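Some words used for protein structures rest on a number and a cut-off.

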Amino acid sequence: MPDYETHDYDVVVVGAGGAGLRAAIEASAQGAKTALVCKSLLGKAHTVMAEGGIAAALGNVYSEDNWQVHFRDTMRGGKMLNNWRMAELHAREAPERVHELERWGALFDRTKDGRISQRAFGGHRFDRLAHVGDRTGLEMIRTLQQHAVHKGIDVFMECTISRLLKDGDRISGAVGYWRESGSVIVFRAKAVVLATGGIGKAWKITSNSWEYTGDGHSLAHWAGADLIDMEFVQFHPTGMVWPPSVRGILVTEGVRGEGGTLTNSEGERFMFRYIPEFFRAETADTVEEADRWFQDKNNNRRTPDLLPRDEVARAINAEVKAGRGSPHGGVYLDIASRRSAEEIKRALPSMYHQFKQLADVDITTTRMEIGPTCHYMMGGVRVDADTAASTVPGLFAAGEVAGGMHGANRLGGNSLSDLLVFGRRAGLSAAEYAKSLASAPRVNPQEADAVARELAAPFERDGESPYAVQRDLQSAMQELVGIIRTQPELEEALQKIQELKERAQHAGVEGNRQYNPGWHLALDLQSLLTVSEAVTRAALERKESRGAHTRDDFPKTEPEWGKVNIAVRQGPSGTMTIQKEPLPQMPGELAALLEEKK
Amino acid sequence: MAEVTMRIFRGNANGGEFVDYTVEAPEGQVVLDVIHTVQATLANDLAVRWNCKAGKCGSCSAEVNGKPRLMCMTRMNLFPPGEPIAVAPIKTFPLIRDLVTDVSFNFAVAKEIPAFKPRPPEADGTYRMMQVDVDRGQEFRKCIECFLCQDVCHVIRDHPENKERFFGPRFFVRLAELEMHPLDMEDRTELIRKAAGIGMCNITKCCTEVCPEDIHITDNAIIPLKERVADRYYDPFRWIFGKLTGK
Ligand SMILES: Cc1cc2nc3c(=O)[nH]c(=O)nc-3n(C[C@H](O)[C@H](O)[C@H](O)COP(=O)(O)OP(=O)(O)OC[C@H]3O[C@@H](n4cnc5c(N)ncnc54)[C@H](O)[C@@H]3O)c2cc1C
Ligand code: SF4
Ligand code: SF4
Ligand code: FES
């Protein structure tokens with residue numbers, strides 16, 4: 001029988017990004033014995049990479065801003081597919097969560113009168129993003145980490161969770177392994193909060209790191225929880241394209257928020273040709289109005305360069321296809337001719353650094369070359385808006401791994417605020433749920449043993465390298481399940497995923513269990529393949545174009561499809577099933593907000 | 001496309017050696033890219049930490065040709081062609097495997113620093129702070145915890161036993177940030193003098209030189225902290241005056 005250590009907790013939080021840290025802080029504040037588990041070292045989660053800012057209607061720059069306007073922007077950005085209650089709670093609570101960070105030591109950039117400054121971002125009516133230059137995520141994760149350190153939370157770093165355990169229909173714990181030693185660890189837990197982030201490592205060109213293998217999505221799916229909106233994968237319009245080794249690395253939307261413009265090889269500000277009907281009334285149609293908007297948002301309409309990300313990514317795609325791209329297959333993003341070198345270095349220091357060091361480009365004098373990159377997963381674990389509870393008792397989810405909040409497309413800045421609002425709610429509800437249990441759920445030792453044996457399996461195989469399987473999966477998803485989709489391509493992708501699953505079953509690893517990335521990847525392939533399949537199946541099902549999901553064969557947005565989410569579930573024999581489910585009904589007074597003029 | 005030879009340290013606490021790997025390195029690559037090529041093609045089990053690949057997370061610290069660097073921000077064209085490039089783990093922390101070290105010392109030190117303690121907010125529940133007053137704190141908060149400064153500091157690099165009584169430059173930056181935070185009311189002077197061991201720093205500035213975030217560790221953090229400690233212990237009146245007037 002395999003050996004392993006066992007730990008007992010009320011609440012185990014899986015993931016130590018913004019959502020996981022905020023959840024752990026809250027659970028622990030409620031008196032729950034709390035563990036925080038993460039694949040990397042503390043402070044290295046994706047949240048640290050966030051650049052542009054946190055969206056919250058503080059009203060510091062435009063006093064006209066309030067939660068209602070933020071709610072409206074979020075719903076419209078999500079093409080009305082968002083869970084209305086999540087969007088409402090998010091817009092209402094984000095300001096308090098930002099002030100809370102300040103009380104915990106965060107130092108945001110200031111307005112002239114000493115309040116938290118806010119910057120413009122795509123799809124937001126007013127300057128709304130609280131920020132620190134272009135390293136807002138670092139400020140956020142450090143603040144949470146430094147606050148959490150004194151709260152008696154036990155942190156398990158470089159520890160990967162591989163499976164959730166259940167007692168009957170409710171959660172009873174989780175099994176994982178220490179990356180450093182390779183030894184197995186079992187948590188007995190009353191409640192588990194998933195805060196594992198996204199799935200972007202399934203694509204070749206991505207802004208995401210090795211961690212984003214969709215573990216949380218898969219853990220939930222295997223444990224019987226519903227996933228929703230899996231067809232909505234956000235491609236950020238501006239990733240680096242040159243040199244090839246940095247392809248995909250993010251260029252913050254803050255560049256456009258600070259006045260940067262998109263141009264094609266003919267020097268044309270092409271976005272004016274791509275204003276969709278849905279946003280026409282609120283978007284500037286002349287260069288003059290667009291430029292005035294940066295100074296006066298009340299009397300001018302937003303520049304089309306800052307349309308929601310799905311619109312901009314598609315436009316860039318189309319420009320490149322039409323032969324008006326830059327030498328390396330992107331378009332241009334120009335801040336050099338728009339702002340002084342001083343201003344650029346002050347507002348966008350890490351972008352300046354990044355281009356200078358990685359591409360030999362000085363962005364204060366030269367245009368950047370940029371193109372779309374896989375960035376964010378809108379879809380995820382279906383949760384109850386108020387409690388962040390999944391459809392499995394004892395399992396909660398918050399942050400990028402949760403679905404519903406962002407609908408068909410997320411607005412920039414709405415993720416960091418989402419992490420805080422729903423991270424807190426998840427921690428609170430998980431602690432309350434744990435308290436409410438009459439007895440601790442039981443962990444079945446055989447179940448834990450079986451997982452431990454599965455973890456060891458790759459060492460007993462001598463098949464191909466897991467890196468080869470991952471590479472082929474990334475190419476398939478990039479080519480067949482990218483920004484623009486068609487039925488034959490999606491079907492081909494499904495076929496390929498089946499073949500890759502077979503190959504992954506045989507992938508072998510060399511070396512031993514001590515800090516062995518090849519082995520880690522062999523295990524991660526299971527979740528990568530699970531989420532890839534879920535995205536592809538959901539994308540096949542949704543026969544329309546909406547937000548981040550564009551079907552070349554069904555180019556129109558169909559009102560009927562606006563009434564349903566697609567839910568992905570595990571069928572009786574472990575196969576994946578797809579189901580259309582009606583959207584939760586929005587109350588009249590919120591619906592009225594959406595009707596009102598901007 | 002050029003061929004390069006990477007001379008990578010392989011091994012664990014029981015010992016190890018440098019192993020040469022020759023791979024293709026297309027134009028524009030950084031050291032971390034080449035390490036990944038080696039990992040994907042020649043040594044699947046090569047242990048290395050990384051996350052952002054853009055100098056933002058501080059995971060990929062190593063000693064490249066003897067110099068502490070972030071592998072993801074070190075371009076290959078920095079090195080003369082044709083010569084092997086040596087990549088070793090950072091030396092100051094115990095080796096786990098290959099390029100991965102046990103940096104838990106740093107997380108333990110972080111726990112010893114008393115938390116931020118803000119003064120009460122304004123009537124509306126929020127704070128007012130001017131940009132000029134947060135500039136210095138923001139410089140310190142750029143720290144990505146790569147621990148390269150900890151790695152080069154001779155106080156702990158050459159004398160591991162000093163780790164018991166010396167926090168290291170990263171945590172002088174953290175302490176300075178808290179001490180200069182416009183809202184903070186905690187007093188950490190005694191800790192800085194004693195437990196943090198600031199007196200052991202002899203201002204060699206090696207830490208400042210390696211900081212990938214260009215934080216002026218010695219000039220802006222360590223020296224002012226040393227002055228605070230001196231004021232406090234040799235001139236208590238001036239210290240109290242300083243606390244009262246915020247100077
Ligand atoms: C480059 C970049 C810039 C961005 N900029 C912005 C921005 O300006 N504004 C904004 O709002 N959003 C931005 N985003 C999006 C936002 O940063 C992320 O969506 C968000 O940080 C996700 O946070 P999270 O807490 O859900 O997960 P993460 O911060 O990704 O954390 C996930 C955690 O889960 C852990 N984990 C994963 N799987 C396992 C497992 N199996 N076992 C144990 N632990 C596991 C990881 O180790 C990690 O600790 C950006 C994203 C990127 C990539
Ligand atoms: S200046 Fe001080 S802290 Fe920095 S490396 Fe030298 S001795 Fe260490
Ligand atoms: S101060 Fe600089 S060198 Fe030291 S850990 Fe922070 S970023 Fe790294
Ligand atoms: S990988 Fe993040 S700093 Fe190098």
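Q: Where is B:Asp98 placed in chain B?
A: In this predicted model, B:Asp98 is in the loop between strand 6 (95-97) and strand 7 (100-101) of chain B.

Q: What makes the phi of B:Asp98 worth a remark?
A: Phi of B:Asp98 is near 50°, a positive value, and the residue is not glycine. Most residues other than glycine have a negative phi.

Q: Is B:Asp98 called buried or exposed, and why?
A: Its relative accessibility is 1%. Buried means under 20%, so B:Asp98 counts as buried.

Q: What is the phi of B:Ile203, and where does this residue lie?
A: Phi of B:Ile203 is near 55°, again a positive value in a residue other than glycine. B:Ile203 lies in the loop between helix 7 (189-193) and helix 8 of chain B.

Q: Why does B:Ile203 count as partly exposed?
A: The relative accessibility of B:Ile203 is 33%. Buried is under 20% and exposed is over 50%, with partly exposed in between, so B:Ile203 counts as partly exposed.

Q: How do you know that the peptide bond joining A:Trp242 and A:Pro243 is cis?
A: Omega of the bond is about -5°, and the bond is listed as cis. Most peptide bonds are trans. A:Pro243 is in the loop between strand 11 (233-240) and helix 6 (254-257) of chain A.

Q: Why is the pair of A:Phe459 and A:Trp519 called tilted?
A: The ring centres are 5.3 Å apart and the planes are at 45°.

Q: Which word describes the accessibility of A:Phe459, and which that of A:Trp519?
A: A:Phe459 has 24% relative accessibility and counts as partly exposed. A:Trp519 has 0% and counts as buried. The cut-off for buried is under 20%.

Q: Why is the pair of B:Phe107 and B:Phe147 given its name?
A: The centres are 6.3 Å apart and the planes are at 80°. Edge-to-face needs an angle over 60 degrees, so the pair is edge-to-face. B:Phe107 is in helix 2 (residues 104-112) of chain B, and B:Phe147 is in the loop between helix 3 (131-140) and helix 4 (148-152), 40 residues apart. Both B:Phe107 and B:Phe147 are buried.

Q: How do you know that B:Arg170 lies over the face of B:Phe171?
A: B:Arg170 is at 5.5 Å from the ring centre. The limit is within 6 Å, and the charge must also be within 35 degrees of the ring normal. B:Arg170 is listed as lying over the face of B:Phe171.

Q: What kinds of residue make up the shell around ligand 3?
A: The shell divides into eight nonpolar residues, no polar ones and one charged. Among the residues around ligand 3 are B:Cys143, B:Ile144, B:Glu145 and B:Phe147. Glu counts as charged, while Cys, Ile and Phe count as nonpolar.

Terms used:
Residues are numbered from 1 along each chain as its sequence is written. Chains are lettered from A and ligands numbered from 1 in the order in which they are written. This is a predicted model: local features need pLDDT of at least 70, side-chain atom pairs count only at pLDDT 80 or more; totals for chains, interfaces and linings use all residues. Side-chain values use heavy atoms; hydrogens and water are left out. Rings of Phe, Tyr and Trp (its six-membered ring) pair if their centres lie within 6.5 Å; planes under 30 degrees apart count as stacked, over 60 as edge-to-face and the rest as tilted. Buried means under 20% relative accessible area, exposed over 50%, partly exposed in between (1.4 Å probe, protein chains only). Helices (H or I, at least four residues) and strands (E, at least two) are DSSP runs, numbered from the N terminus. A residue is near a molecule or strand if one of its heavy atoms lies within 4 Å of it.
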